Amino acid sequence: MRFFDPHIHMTSRTTDDLDLMSKAGVRAIVEPAFWLGQSRTQLGTFIDYFNSLLGWERFRASQFGIAHYCAIGLNSKEANNEKLAAQVLELIPRFALKEGVVAIGEIGYDEITPAEERAYIAQLRFAVEHDMVVMVHSPHRDKKRGIRRSLDVARDCGLAMNKLVIDHNNEETVEDVLERGAWAAFTIYPSTKMGSERMVELVKKLRSRAHHRRQLGRLGRQRPALRPEDREADARPRRADGARRAHHLEERARRLRAVGPDRRRRADADARDRPVEALLRQLRAARASAARRRAGSELKARRAQASDRLRQDPEASSSGFTDRTAWSTSVAHVMARADAAGPTCWSQP
Ligand SMILES: [Zn+2]
């Protein structure tokens with residue numbers, strides 16, 4: 001069997017561990033940036049750490065046939081050293097867009113302080129802007145409140161819930177996460193977090209709940225997949241195209257505007273409007289993507305036209321383009337030029 005470990009800190013593991021992991025079938029891992037057990041006091045140590053996640057750890061894992069990916073972020077514990085945190089946040093864009101980085105993380109709350117929240121929001125905004133996954137670390141103390149707040153703030157920043165992974169869940173928090181549509185992750189860590197027996201029990205319970213939900217077909221995001229038409233809908237590709245997504249977002253923005261004042265989720269109007277703004281931002285992006293798609297299909301149609309014209313052109317057929325390969329080469333050539341110069345300059349190559 002082959003395994004993928006989506007959350008591991010190789011910085012604290014030896015080469016023997018890599019060897020054992022490889023023998024056990026681990027083929028790919030994600031290493032999120034985190035606190036190293038002792039808080040850093042210099043910006044340079046963050047630079048070296050991020051570089052080691054991107055370079056050294058990747059190389060080390062590759063020696064054992066393991067593909068190493070990482071997440072870059074300022075962790076919540078060190079976010080409390082605000083002077084240093086501000087400098088680290090400026091570093092994030094330099095590292096987070098490099099090859100091998102698959103997410104922003106681990107970020108979120110530890111003691112649930114205002115400084116942690118500021119760092120969390122700054123990084124969420126970056127993730128939204130670059131359409132990245134966010135890996136969230138949840139606090140050991142006051143976990144339930146921390147997780148709920150992580151979910152709320154991520155939503156208010158406009159992060160799509162399917163891009164949010166909340167880690168270190170337990171029996172008390174998992175439902176909150178799943179109901180919002182985010183990913184619930186668990187860390188099996190018998191002494192302080194989840195033990196494996198508890199985890200097995202929880203999976204059994206969630207499976208029976210999921211089944212129950214399927215029967216009800218109303219709660220959460222589950223479909224009542226027992227009906228054939230739902231099964232068909234499930235089988236359709238998930239990725240909505242720009243136009244469908246724009247329509248969906250418009251609907252959500254409209255509903256959110258309509259229910260906002262009644263729910264009084266926030267006292268001040270500005271905060272209440274924030275999710276709408278985030279939605280509108282997504283909406284503009286979806287519209288742009290629909291326009292790009294349309295432009296793409298127009299180009300395709302133009303290409304087909306060019307190809308037809310060339311085939312029908314008596315001069316082209318009388319000048320030796322008889323064999324299939326020569327035809328397609330010349331057509332490809334004409335089309336490359338058509339793409340470069342627009343539809344008016346097609347000529348025989
Ligand atoms: Zn971790």
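# Notebook: helix packing and some local backbone features

I began with the pair H2 and H5, which are roughly parallel to each other, because their axes meet at about 30° and angles under 35 degrees count as roughly parallel. I note at the outset that this is a predicted model, and every value below is computed from it.

**Entry 1, H2 against H5.** I looked up the geometry of the pair and found that helix H2, residues 43-54, packs on helix H5, residues 82-96, with the two axes 10 Å apart. I then checked the hand of the crossing of H2 and H5, and the crossing is right-handed. Which residues of H2 meet which residues of H5? From H2 I listed Leu43, Phe46, Ile47, Phe50 and Leu54, and from H5 I listed Leu84, Gln87, Val88, Leu91 and Phe95. Sorted by class, this contact of H2 with H5 holds nine nonpolar residues, one polar residue and no charged residues.

The crossing in which H5 passes H6 is right-handed. On the H5 side I wrote down Glu82, Ala85, Leu89, Ile92, Pro93 and Ala96, and on the H6 side Ala115, Ala119, Ala122, Gln123 and Phe126. By class, the contact of H5 with H6 has nine nonpolar residues, one polar residue and one charged residue.

I checked the length of helix H6, which covers residues 114-129 and has 16 residues, and its span from the first C-alpha to the last is 23 Å, close to the 22 Å expected at 1.5 Å a residue. Which residues of H6 are buried? I found Glu116, Ala119, Tyr120, Gln123, Leu124, Phe126, Ala127 and Val128 to be buried. What covers these buried residues of H6 includes helix H4 (76-79), H5, strand S4 (101-108), strand S5 (133-137) and helix H7 (143-156). Just after H6, I noted that Asp131 takes a positive phi of about 55°.

I looked for a cis peptide bond and noted the one from Gly105 to Glu106, with omega near -15°; Glu106 has its place in strand S4. I then looked at Ile112, a residue other than glycine whose phi is positive, near 55°, and which is found in the loop between S4 and H6. Is Ile112 buried or partly exposed? Ile112 is partly exposed, with 16 other C-beta atoms within 10 Å. Asp142 is found in the loop between S5 and H7, and is partly exposed, with 13 other C-beta atoms within 10 Å.

I located Leu164 in strand S6, residues 164-166. Why does Leu164 count as buried? Leu164 is buried because 22 other C-beta atoms lie within 10 Å, and the cut-off for a buried residue is 20 or more. I then asked what touches Leu164, leaving aside its neighbours within four places in sequence, and found Val134, Val136, Ala154, Leu159, Ala182 and Trp183 in contact with it. For one of these, Trp183, I looked up the C-alpha separation from Leu164, which is 6.1 Å, although the two residues are 19 residues apart along the chain.

I placed Arg287 in helix H12, residues 269-312, and found Arg287 to be partly exposed, with 16 other C-beta atoms within 10 Å. Between Arg287 and Ala243 the sequence separation is 44 residues, and the distance in space is 6.5 Å, C-alpha to C-alpha.

How many of the 349 residues count as buried, as a percentage? The share that counts as buried is 25%. Among contacts in the chain with a separation of 6 or more, 67% join residues 24 or more positions apart.

Note on methods
Residues are numbered from 1 along each chain as its sequence is written. This is a predicted model: local features need pLDDT of at least 70, side-chain atom pairs count only at pLDDT 80 or more; totals for chains, interfaces and linings use all residues. Axes are lines fitted to C-alpha atoms, for helices over the stretch in contact, and angles run from 0 to 180 degrees between N-to-C directions. Helices (H or I, at least four residues) and strands (E, at least two) are DSSP runs, numbered from the N terminus. Angles under 35 degrees count as roughly parallel, over 145 as roughly antiparallel, 65 to 115 as roughly perpendicular and the rest as oblique. A crossing is left-handed if the near helix is turned anticlockwise from the far one by less than a right angle, and right-handed if clockwise. Two residues are in contact if their C-beta atoms, placed from the backbone, lie within 7 Å. Ala, Val, Leu, Ile, Met, Phe, Trp, Tyr, Cys and Pro count as nonpolar, Asp, Glu, Lys and Arg as charged, and the others, Gly among them, as polar. The expected span of a helix is 1.5 Å times one less than its number of residues. A residue is buried if 20 or more other C-beta atoms lie within 10 Å of its own, exposed if 12 or fewer, and partly exposed in between; C-beta atoms are placed from the backbone.
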